[in-house]
Amino acid sequence: MANTKLMGLFQDPEQAAGAMTKLKENGFPVEDLDVYSGSPFPEGSFGEHEPEMRLFMFPLVGALVGFAIGLLWTAGTQISYPLVTGGKPLLSIPPMTIIMYENTMLGAIIFTVLGVLFESRLPRRKLGLYDERITEGYIGIIVDCPEERASAAETALQGAGAEEIKREEG
Amino acid sequence: MHNGEHELTAGPLPTHQDVARDVLGRFQDLGHRYWGWVTVLAFLFVLGIVGFIIRLSEGFSDENRANWGYFVATLAFIVTTFTAMPVISAGLRLAKANWRRPLTRVTENMAITGLLVVLMLIPALIALPSIEGRLSIWFEFPLGAPGVWDVIGYGTLAFIGLALLWGVALPDLAAARDHLPASQRQRVIKWLSLGWVGGTRQWRVLYQGSLLAGAMYLLTYPLVQTLMISDFHHGLIPGLKDAIIPATVVVNGLQGAVGMTLLTMYLMRRLGNYERYFSVEQFWALSKPLLAFSLLWFYFWWASFITFWYGRQPGESEVIRLLVLDEYRGALMISFFLNFIGPLIALVWNPVRRSVWGPALVGTGVVIGALVNQVRLYVSAFSVADPSQHVMHPRPATQWPDAPDLLIMVGAISGCVLLFMLVSKIIPVVSIWEVGEGLRLVKVRRYLNRYARVIAKSH
């Protein structure tokens, strides 16, 4: 069964929220609906589906990897080049801490960047169903539905006051 | 975009669309005035490169180390002001300060100066004497300290800054992609926007990602300032053992960041007609932390000074004479006035704080004071002939800048402003989406016989 995508464009967020309600009332699962906007709205403003994310795991893993590399690097070099200074212990903890810290931060940010790209599904080569007015403050309600339910979705969007309804080509 | 309370009326506030059109209209404009400034700044930057080449031709030997003092002081000044500015937006975003919205992008765009900092760091590291036989925070692994560790530290800060700048700017890059006419510039912006469409998932990720990257910038900036002061100042002056100096320079960096932000906002109002965005509210709000950092400037300086004063060991006495009482007394006095006395006298007055000119004037003084203070700290350190002594002898004379030094200072500072101006034509200098979000959260309501602004919490 082929799926299609529709986008209803709204200038008024109230109408966009109403469209989401109508679509849900008409049996469109919330997971198949998305909201495009030019700035973020407080979570749940449109009754939208909250996507599951694990972005916080990325910096955590990156920090652990960076810390481990820092530890191996500093301890390894001091053990490989054993320069005993004034009878002090071979492993010099304070400078090791600095190096481990900067490696931790480096690992954390590299993984965070990767996490942001992965979790937000970027980069996208094609914008798909989109309208340039969204970055001017319009709200786009995206409906992903089977071909035969497209007209019902269109009616719901129209009924909520969509200024324009776009349909995915091809 | 948010006026002072005395300007409140019941009239309609601007909308996201108004902001987008206004900001993108200015962003699109690449007039003669813009190119004129870019040309002047590029010329000054080239002069700085000439100064650098002159210094390079004189070499990096121990006898010539003093020649690099002003170069390193300039590097420290950039780290203390321009590169510190993203700390402001990161901190205010974490604190959810609503008034921050129009100014976050200005501070984040300055993260681009991290690239210049990393480039300048390399010759500065080469100019350092070997760590063998002198005080240093490093263990004596022959291939690492301090070069590799400093490059990793500074590089990490630059990388975080660029990640923060790019990530938070994605929605505005998309706006520019959508509304700029087709051109080479628009194609670059389109590529940088990575296909952003503003879906629910993307906004959630952007929100969390900006907080994470901001927190990392906040955590890494003190590290970089610690490396800077330890390797380029503390480790070069015999007898100097100051436990709080890393914290001192971090506080100085925060003060410099606020000062430079105020100065930048003032210049953008005057030269770029951004009065709508940088209003009294932003200046007033930033003047309060500026006053706090100015008091801390004195507290930290005094805490260090009094330790040496009571210590009175021969090495400590020489340090006080070099940095406070004799050779660099003039520099300290200028910095003392511009970074502490001036801000204290001016900013205790509410009418001064609650104005555009007052905080901007104090901020300009703070920036100048920061430059003079870096000269005091780093030029003095680089002019010490033998850092391996226990007691500094003889104390180096005051070192005044010569022509290459002046060229380097003017060139590097111009380079930072040039980078900011160039990046501001790729990434809009006012965050459209943050201002748009803020406008939606604000309503003006009648309250008894006046109007009051009601601000909703976004999360």
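**What covers helix H4 of chain A**

Start with H4(A). Its buried residues are covered by elements of chain A that include strand S1 (3-10), helix H1 (13-25), strand S3 (139-146) and strand S4 (164-167). Helices here are DSSP runs of H or I with at least four residues, strands are runs of E with at least two, and both are numbered from the N terminus.

Some ground rules. This is a predicted model, where local features need pLDDT of at least 70, side-chain atom pairs count only at pLDDT 80 or more, and totals for chains, interfaces and linings use all residues. Residues are numbered from 1 along each chain as its sequence is written, while chains are lettered from A and ligands numbered from 1 in the order in which they are written.

Which residues of H4(A) are buried? In this helix, residues 150-160, they are Ala153(A), Ala156(A), Leu157(A) and Ala160(A). Buried means 20 or more other C-beta atoms within 10 Å of the residue's own, with C-beta atoms placed from the backbone. Seen down the axis of H4(A), these residues fall within an arc of 95°, so they line one face of the helix. That arc is taken from the directions from the helix axis to the C-beta atoms. After H4(A) comes Gly161(A), with a positive phi near 105°.

Now chain B. Helix H3 covers residues 69-80. Twelve of its twelve residues are buried. Among them are Tyr70(B), Phe71(B) and Phe77(B).

Technical notes
Two residues are in contact if their C-beta atoms, placed from the backbone, lie within 7 Å. The expected span of a helix is 1.5 Å times one less than its number of residues.
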